[in-house]
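Open the model in your viewer and keep the sequence panel beside it. The stops below say what to select and what is there.

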Amino acid sequence: MKKFLALIMALCMVFALCACGESSAPAAGTETKTEAPAAGTETEAPAAGTETAAEPVVLRFAFSEAPESQTAQIMKTVKENVESRTEGRVIIEPHWSNELGSIADCIEQISLGGNIVSSTSASSWAPYGCADMTAMDSMFAFSSTDEIAKFNESDMWKSMVKELEDNGGIHMICMNWAAAPRIILSNKPINSVEDLKGLLIRVPTDTYAAWFSALGASPVSGIPFAEVYTNIESGVVEAAEAPAATLSDYSIFEVAKNAFLSNHTYAAACFGTSTAIWNLISPEDQAVITEELTNGGVEFTKLCADKNEEFMQKFEEAGVTIVEPSADDIAAFQKAAAEAAVTLKLRDGVMDEIAAACK
């Protein structure tokens, strides 16, 4: 469907150019002005060397997190710094709780030139032109947030950014917003990995589905996180996995009283937008956005680590039973991760390359 839409758009542009003929250059001394694209519209990247936007570019940031989330706390500072340092040439407009649509819908709009910046895990971007990004979301791909920070500065990540830009017209800004390790909240007791068998658990992407399937669970995708509470309450799913902060923000602990501290991934959020939109911004302001979002990732990662224990205490006070996996459980997790890599058809050696890039 995406390719069909892109073909229709391209044909329309050809017909328009044929009908209008050649346009004349502006008279000497006159000024031209490029308006920022209207929200949700599609556009093409300007050729190298063309003027950037004379009016402020309003970047619409799409988040699945709640407006009270830790992400929102950090984004407030990012917004202020970007707008101040660019002297108002770039405006950040955050939208929370899937207000602009699901993550999948937002990325589809971005791929067609839509004015959205989305933050989500790497595997959601991978189908648009960089298959190796799926490996970044594999369970236990990163063993610490320090490794994620190093990978964000690595040549391998820079190569992935270029590949996605060349193949999909999507520019990745940074990938270092690492939450606390993800855990499982369930309305059924989970005392070991055996209790995951058959469990209906909401998952965000295929990488999670592959891992949970290898453990014998029954993953369910396509549910926006804002709807997880009611889906557990109504029995559509029995569990959800996410960082403790997200599970707290959406009050999942009220309907799921069993926590299994699987700590299966940090799922670093990767910020991406359309290359067409990105190229409306001057290189100097692009550098400001990149720097401030990267700094925001550092602060977000620290905040999540500092606050994680408070959320666990909150769960306990709410009557949630918390279980730590055993050594045998962890071994089963690692085995399932290897099986999931085969299911996902990851390129041979890519996981080793990621590990080397983190050193």
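**Before you start**

This is a predicted model, in which local features need pLDDT of at least 70 and side-chain atom pairs count only at pLDDT 80 or more, while totals for chains, interfaces and linings use all residues. Residues are numbered from 1 along each chain as its sequence is written, and side-chain values use heavy atoms, with hydrogens and water left out.

**Stop 1: the whole chain**

Colour the chain by secondary structure. How many helices and strands does the chain have? There are 14 helices and eleven strands. Both kinds of element are DSSP runs numbered from the N terminus: helices are H or I with at least four residues, strands are E with at least two.

Of the 359 residues in the chain, 49% are buried. Buried means under 20% relative accessible area, exposed means over 50%, and partly exposed lies in between (1.4 Å probe, protein chains only). Contact means heavy atoms within 4.5 Å. Among contacts between residues at least 6 apart in sequence, 75% join residues at least 24 apart.

**Stop 2: the five-stranded sheet**

Select E1, E2, E3, E4 and E10. These five strands form an open sheet with mixed pairing, in the order E2-E1-E3-E10-E4. Two strands pair if DSSP finds at least two bridges between them. The edge strands, each pairing on one side only, are E2 (90-95) and E4 (170-177). From one strand to the next, the twist averages 25 degrees.

Zoom in on E1 (residues 57-62). E1 and E2 run parallel and are joined by six bridges. Select Arg-60: its bridge partner in E2 is Glu-93.

**Stop 3: Met-160 in H7**

Stay on H7 and select Met-160, which lies in this helix. Is Met-160 buried or exposed? Its relative accessibility is 3%, so Met-160 counts as buried. Leaving aside neighbours within four places in sequence, Met-160 is in contact with Cys-130, Asp-132, Met-133, Met-136 and Phe-151. Met-172 is twelve residues from Met-160 in sequence, and the two are 8.8 Å apart in space, C-alpha to C-alpha.

**Stop 4: H2 against H12**

Two packed helices are described by the angle between their axes and the distance between the axes. Select H2 together with helix H12 (residues 283-317): they pack at an angle of about 160 degrees, with axes 9 Å apart. H2 and H12 are therefore roughly antiparallel to each other. Angles under 35 degrees count as roughly parallel, over 145 as roughly antiparallel, 65 to 115 as roughly perpendicular, and the rest as oblique.

The crossing of H2 and H12 is right-handed. A crossing is right-handed if the near helix is turned clockwise from the far one by less than a right angle, and left-handed if anticlockwise. Residues making the contact include Ile-74, Val-78 and Arg-85 of H2 and Leu-293, Phe-300 and Lys-307 of H12. By class, the contact has eleven nonpolar, five polar and five charged residues. Here Ala, Val, Leu, Ile, Met, Phe, Trp, Tyr, Cys and Pro count as nonpolar, Asp, Glu, Lys and Arg as charged, and the others, Gly among them, as polar.

**Stop 5: the six-stranded sheet**

Select E5, E6, E7, E8, E9 and E11. They make an open sheet of six strands with mixed pairing, ordered E7-E6-E8-E5-E9-E11. At the edges are E7 (218-220) and E11 (321-323), each pairing on one side only. The twist averages 30 degrees from one strand to the next. E9 (residues 258-260) pairs with E11 in the parallel sense over three bridges. Asn-258 has Thr-321 as its bridge partner in E11.

**Stop 6: H8 against H13**

Select helices H8 (residues 206-214) and H13 (residues 327-343). They pack at an angle of about 125 degrees, with their axes 8 Å apart. H8 and H13 are therefore oblique to each other.

**Stop 7: Thr-134**

Finish at Thr-134 in helix H5 (residues 133-136). At 16% relative accessibility, Thr-134 counts as buried. Beyond neighbours within four places in sequence, Thr-134 is in contact with Ser-123, Ala-126, Thr-207, Leu-344 and Leu-346.

Methods: Axes are lines fitted to C-alpha atoms, for helices over the stretch in contact, and angles run from 0 to 180 degrees between N-to-C directions.
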